[in-house]
Amino acid sequence: MLIQQIATFILILHFSIIIFIVGLFFLIPIGYRCGWVWQKNKKIRLFHLFLISIVTLETCIGVACPLTIIENNLRGVYVSNSFVYNFFNKMIYWDFPTVFFLITYLISLSWTIFMWFIFPPKK
């Protein structure tokens, strides 16, 4: 039971990272227009760039996300029927061709780099 709870925690952590990455694609430009301060924080922006770079690199070389591997190893062949597992699993794992994700991640990485120039962080 504890292993399944750890696996569910990993799934929620994975989902949170995805929300962080995707959210900043939109919140950085909005924050600049609204005069927010936090989106100019260089550490947040570097972390965002690092995460999307890792995701893109993993896809380019054909490696599964370490969080996915850890979760799958913890669950083994067992698939939980819990609401939390089903909800987050459907939000994270889509059944599309790898090329779809590769193109999406390359565009996302390009947008993140582009934002450094049009919405620069504080120096």
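Biologist: Within what distance do the axes of helix α1 and helix α5 come, and at what angle do they cross?

Modeller: In this predicted model, the axes of α1 (residues 2-34) and α5 (residues 98-118) come within 11 Å and cross at roughly 25°, the axes being lines fitted to C-alpha atoms over the stretch in contact, with angles from 0 to 180 degrees between N-to-C directions. Since angles under 35 degrees count as roughly parallel and those over 145 as roughly antiparallel, α1 is therefore roughly parallel to α5.

Biologist: What is the handedness of the crossing of α1 and α5, and which residues of the two helices meet?

Modeller: The crossing is left-handed, a term for a near helix turned anticlockwise from the far one by less than a right angle. L24, F25, I28 and P29 in α1 meet S108, W111, T112 and M115 in α5, where contact requires heavy atoms within 4.5 Å. The residues of this contact divide into six nonpolar, two polar and no charged, with Asp, Glu, Lys and Arg counted as charged, Ala, Val, Leu, Ile, Met, Phe, Trp, Tyr, Cys and Pro as nonpolar, and the others, Gly among them, as polar.

Biologist: Why are α1 and α3 called roughly antiparallel?

Modeller: Their axes come within 9 Å and cross at roughly 160°, and α1 and α3 are therefore roughly antiparallel to each other. The crossing of α1 and α3 is left-handed. Residues in α1 including I3, I10 and I17 meet residues in α3, among them L67, I70 and L74. The contact of α1 with α3 comprises ten nonpolar, four polar and two charged residues.

Biologist: How many helices and strands does the chain have?

Modeller: The chain has five helices and zero strands, as DSSP runs of H or I (at least four residues) and of E (at least two). Its C-alpha atoms fill a box of roughly 45 × 30 × 20 Å along the principal axes.

Biologist: What is the volume of the largest pocket, and what lines it?

Modeller: The volume is about 1100 Å³. Of the 35 residues in the lining, I18, V55, I92, F101 and Y105 lie nearest the centre of the pocket. The helices α1, α2 (42-61), α3 (66-75), α4 (83-92) and α5 each supply at least two lining residues, and the largest share, eight residues, comes from α1. The lining divides into 27 nonpolar, seven polar and one charged.

Biologist: Which conventions apply to the numbering and the model?

Modeller: Residues are numbered from 1 along each chain as its sequence is written. Local features need pLDDT of at least 70 and side-chain atom pairs count only at pLDDT 80 or more, whereas totals for chains, interfaces and linings use all residues, and side-chain values use heavy atoms, leaving out hydrogens and water.

Technical notes. Angles under 35 degrees count as roughly parallel, over 145 as roughly antiparallel, 65 to 115 as roughly perpendicular and the rest as oblique. On a 1 Å grid over the protein atoms alone, a cavity is a set of points where a 1.4 Å probe fits but cannot get out, and a pocket is an open set with protein on both sides within 12 Å along at least five of seven lines; lining residues have an atom within 4 Å of a point. Grid points are joined across faces, edges and corners, and a volume is the space filled by probe spheres set on the points.
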